[in-house]
Amino acid sequence: MTDQIAVLAPDKPRGLFGDAWHALRSRPLFWVSTSLILLVVLMAVFPSLFTAADPGLAQLSRSRQPPSSDAWFGFDNQGYDIYARVIHGARASIVVGVLATAGVVVLGSTIGILAGFYGRWLDAVVSRIADIFVGVPFVLGAIVILTTLNASGGAGPVRIVAQVVLSLVVLSWPVSMRIMRSTAIAAKQQDYVKAARALGASPRRIIFKHMLPNCVAPVLVYSTIALGAFIGVEATLSYLGIGLRQPVVSWGVMINSAKDYLRVAPHALLFPAGFLTATVLAFVMLGDAVREALDPKLR
Amino acid sequence: MGFYVLRRLLQMVPVFLGTTFLIYALVWAVPGDPFEGKCGERDCPAAYVSAMRDKFNLDDPLLVQYGKYLGNLARGDFGETSAGLAVGERIATAFPVTLRLALVALLIEAVIGITAGVVSGLRNRGFLDSLVLVSTLFLISIPVFVTGYVVQLVFGLQLGLISPTVTSPTWGNLIVPGFVLASLSMAYVARLSRASIAENRRADYVRTALAKGLPQKRVVGVHMLRNSLIPVITFLGTDLGAFLGGAIVTEGIFNVPGVGGLVYRSILTKDGAMVTGVVTVLVLVYLLMTLLVDMLYAVLDPRIRYD
């Protein structure tokens, strides 16, 4: 009898995340996307590993020169080295993506789990407030918020990045809040929560020890995809001229300054756009792989 | 159904008030002088500023200002910009263009997305399936403004097949911008219909239909499509609302004279009356679209009843 059980369960049982990791390990998509992401993160942390050129050096004598063996990606209208700027631009995009995702996940899931757990008037009020923020068209809302914040004029790089992150978080928290809220409402009915409550556990303990570990998976899947999406949105806002801007170097800023010279220097637009697309692609692929691993229905 | 619609309409009121108040507060409560630079190189004369402050009720508390604005809105009066243009009139000329662009995009998205999704969903794990999966992955990853510029560069400037900008917004001229606008959602539609078809392929009613000896064409075209397209149509409906509000980038690249360009210019020139007016219309359209989609849901799927 014990032998049979030992055969049925050869090693210790895996949890949801152990299972997911096991499924992920065998997917080539997962490895391709993680190596791409690692490369971009490396670019963001140590740009000097990839290029020795100064991204802030503008020489008008080399304005709009096409790609050559000296400068792989050529020079833009101001005579900036495009390769150096593309490498250095990774940092701003990654920082905005990571901070905005962290903000959205922390804010949204905190509010969501509280609304789902306590229900009643708290849930009603929070859900209506979320409706208000969802009702604002995203790009439009971000433009209005950023022009309001930009009104005070000259700002340092930290402030510029913080403003963009803030506007992304303010407009996107309802999504993760709704995901967390519906998972929390489902989890609240489960036996283990009832058991914990019967044993006299405080609401705080139930939320942190029992519900949170069981509710975090859907938000995690959303956050991987959202990270890629936020990098794309940051570039869109910077392209419109109200997101990141000089002196911050980012892919969106580069595309914004290259768009007026599209006819004479298309390479100044295509290289940052290519890096941007590849990065977003890596995060979307990772999100796809993680979702398939975490959602048993899709296996 | 009537009772349900009434309840939903009532629920919309606080959302509408909240959203418009949020925008109103953001636009008008900006630190700094809202009439800076409105009089050319010199400072605005005091008489002009006081007349404008009076016109936009800027000396009242914010809530009173908003209340007066809503009062005017209820009478159908969107107000005037500080340059004296009627906001309602401008919206009325720009909105049909955006609506036309959104409809073109929706059509492209629906036709290509659903076709790709159905074809790949029917052939599980084949070459076509992988092709659709990979191309949707790419479409999702390319930001709309990159698609727009690459299309403009390659087809407009290098090959000369299309006009790089839209000179007059006829249906034919809007096909290329519509394609760009639809590119992202097309991928989502394809994935959604693929998943839906793949799920329904093994459903009992499909097996029954096949066992009855119905031709494959009829089983797929009538039995499966009708059941699988319900989530897709919900997505398309919400997307139409999003297109109307989110075409700022596409309209900017192709120079389409629609609402997106209008609101973007107004935000940059701090034309508060125009911004609040356009956003109010867009929020209203978005809310009505979501209601319409929910009602459509009940019409398409007789199992859903709102009572």
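Student: Is the crossing of α4(A) and α9(A) left-handed or right-handed?
Tutor: Helices are DSSP runs of H or I with at least four residues, numbered from the N terminus. A crossing is left-handed if the near helix is turned anticlockwise from the far one by less than a right angle, and right-handed if clockwise. For α4(A) and α9(A), the crossing is right-handed.

Student: Which pLDDT do local features need in this model?
Tutor: Residues are numbered from 1 along each chain as its sequence is written, chains are lettered from A and ligands numbered from 1 in the order in which they are written, and side-chain values use heavy atoms, leaving out hydrogens and water. The model is predicted: totals for chains, interfaces and linings use all residues, side-chain atom pairs count only at pLDDT 80 or more, and local features need pLDDT of at least 70.

Student: At roughly what angle do the axes of α4 and α9 of chain A cross?
Tutor: Axes are lines fitted to C-alpha atoms, for helices over the stretch in contact, and angles run from 0 to 180 degrees between N-to-C directions. Helix α4 covers residues 82-118 and helix α9 residues 203-239 of chain A. Their axes come within 8 Å and cross at roughly 145 degrees.

Student: How many nonpolar residues are in the contact of α4(A) with α9(A)?
Tutor: Ala, Val, Leu, Ile, Met, Phe, Trp, Tyr, Cys and Pro count as nonpolar, Asp, Glu, Lys and Arg as charged, and the others, Gly among them, as polar. Besides one charged and five polar residues, the contact of α4(A) with α9(A) has nonpolar residues numbering 21.

Student: What area is buried between chain B and chain A?
Tutor: Buried area is the accessible area (1.4 Å probe) that two parts lose on being put together, summed over both. Contact, meaning heavy atoms within 4.5 Å, takes 37 residues from chain B and 37 residues from chain A. Carbon and sulfur atoms give 81% of the buried area, which is about 3400 Å².

Student: Which residue forms a salt bridge with A:Asp288?
Tutor: A salt bridge is a side-chain nitrogen of Lys or Arg within 4 Å of a carboxyl oxygen of Asp or Glu. Between chain B and chain A the count is one. The closest N and O atoms are 2.9 Å apart, and the partner of A:Asp288 is B:Arg191.

Student: Which element gives the largest share of the side of chain B that touches chain A?
Tutor: Elements giving two or more residues to this side include α5 (127-141), α12 (272-300) and α1 (2-28) of chain B. The largest share is eight residues, and it comes from α1(B).
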